[in-house]
Amino acid sequence: MSSIGHIKIRAVLENLQAIMDCVTAAAAAAGFSARRIGDMELAVEEAVTNVFKYASPLDPGEIEVACACGKGRFSIEIRDSGREFDITKLPSPDLSQGISDRPIGGLGAYLIMETADDVTYRRLPGFNVLTLSFDPEIKKS
Amino acid sequence: MNIAVKKESNALVVTVSGRMDAVTAPEFEKSISGFIAQGEKVFVINLSGLEYISSAGLRSILACAKRLKELAGKLIFSGLQGHVKEVFAISGFHGIFKICDSDAEGLRAI
């Protein structure tokens, strides 16, 4: 795995575009298709906006995003210093609910799981580390 | 994100292009809320020029749909493409919204 993109920036919504630009440039340089890069953008937006909202909203720390590519697989590691939060453990939304019954929100983590080929969460002392991996081909669900 | 509107006899056609993400989605919700405040209840939302949508966009759409449901109004969608079509499908939005190929079809479906 060689590192091909990295950004460390304050964990606030105003910095979403800078993070997205870092990831899309790295994925394009690695030769991934526009369609696959769209999937990555979606998963990364969902993961980082979750950090902006819940990790430490009153005192935003920094978020670090590192992209690497090896053996054809693109991986994006997202590290934040907020409170422990394992996005992979959230319950799946009930997609059969109608407009009135559906809760507002709750789709973000599900969209990450549906678009990334592999999602792993680790809690290190003081950090959440979420790694999203993507194969070149579109995920078959 | 860009929003353009056209008044038809039985609905307001709202064409949304660009990207509906965590930064821009609130603009969509605010815009639709403004039209609802002016008395509009039936919308055809044309997404043929929308390149990208995230859960923030879906959340704004659902919030508008809930308000309209209380007012006996509705949201109909037209022209979904590529990524947006896929995200609607993954999220089960095909099951809760009327989705048409064109505005004309959407206006007929009201």
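Colleague: What covers the buried residues of helix H3 (108-115) of chain A?

Modeller: In this predicted model, the cover includes helix H2, strand E4 (118-124) and strand E5 (127-134) of chain A, together with helix H2 (55-70) and helix H3 (82-90) of chain B. Helices (H or I, at least four residues) and strands (E, at least two) are DSSP runs numbered from the N terminus. A residue is buried if 20 or more other C-beta atoms, placed from the backbone, lie within 10 Å of its own, exposed if 12 or fewer, and partly exposed in between. Residues are numbered from 1 along each chain as its sequence is written, and chains are lettered from A and ligands numbered from 1 in the order in which they are written. Local features need pLDDT of at least 70 and side-chain atom pairs count only at pLDDT 80 or more, while totals for chains, interfaces and linings use all residues.

Colleague: How many residues of H3(A) are buried, and which are they?

Modeller: Six of the eight residues are buried, and H3(A) is mostly covered. They are A:Gly108, A:Ala109, A:Tyr110, A:Leu111, A:Ile112 and A:Thr115.

Colleague: How many residues does each chain bring to the contact?

Modeller: Chain A brings 19 residues and chain B brings 20; two residues are in contact if their C-beta atoms, placed from the backbone, lie within 7 Å. On the side of chain A that touches chain B, H2 and H3 of chain A are the elements that give two or more residues. H2(A) gives the most to that side, with six residues.

Colleague: Where do nonpolar residues gather in the model, and which have the most contacts there?

Modeller: In soluble globular proteins, nonpolar side chains tend to be buried together. Here the largest nonpolar core has 67 residues, and A:Val23, A:Ala43, A:Val44, A:Ala47 and A:Val48 have the most contacts inside it. Such a core is a set of buried Ala, Val, Leu, Ile, Met, Phe, Trp, Tyr and Cys residues joined through C-beta atoms within 7 Å. Helix H2 (residues 34-55) of chain A gives the most to this core, with nine residues. Apart from its neighbours within four places in sequence, A:Val44 is in contact with A:Ile19, A:Met20, A:Val23 and A:Ile76.

Colleague: Which residues of H1(A) are buried?

Modeller: The buried residues of H1(A) are A:Leu16, A:Ile19, A:Met20, A:Cys22, A:Val23, A:Ala26 and A:Ala27. They cover an arc of only 160° around the axis, which puts them on the same side of H1(A); the arc is that of the directions from the helix axis to the C-beta atoms. On the other side of H1(A), A:Gln17, A:Ala18, A:Asp21, A:Ala28 and A:Ala29 are exposed. The cover over the buried residues of H1(A) includes strand E1 (2-10), H2, strand E2 (62-70) and strand E3 (73-80) of chain A. Just after H1(A), A:Gly31 takes a positive phi of about 90°.

Colleague: How many helices and strands does each chain have?

Modeller: Chain A has three helices and five strands, in the order β-α-α-β-β-α-β-β along the sequence. Chain B has five helices and six strands, and its pattern is β-β-α-β-β-α-β-α-α-β-α.

Colleague: What share of each chain counts as buried?

Modeller: Of the 141 residues of chain A, 36% count as buried. For the 110 residues of chain B, the share is 41%.
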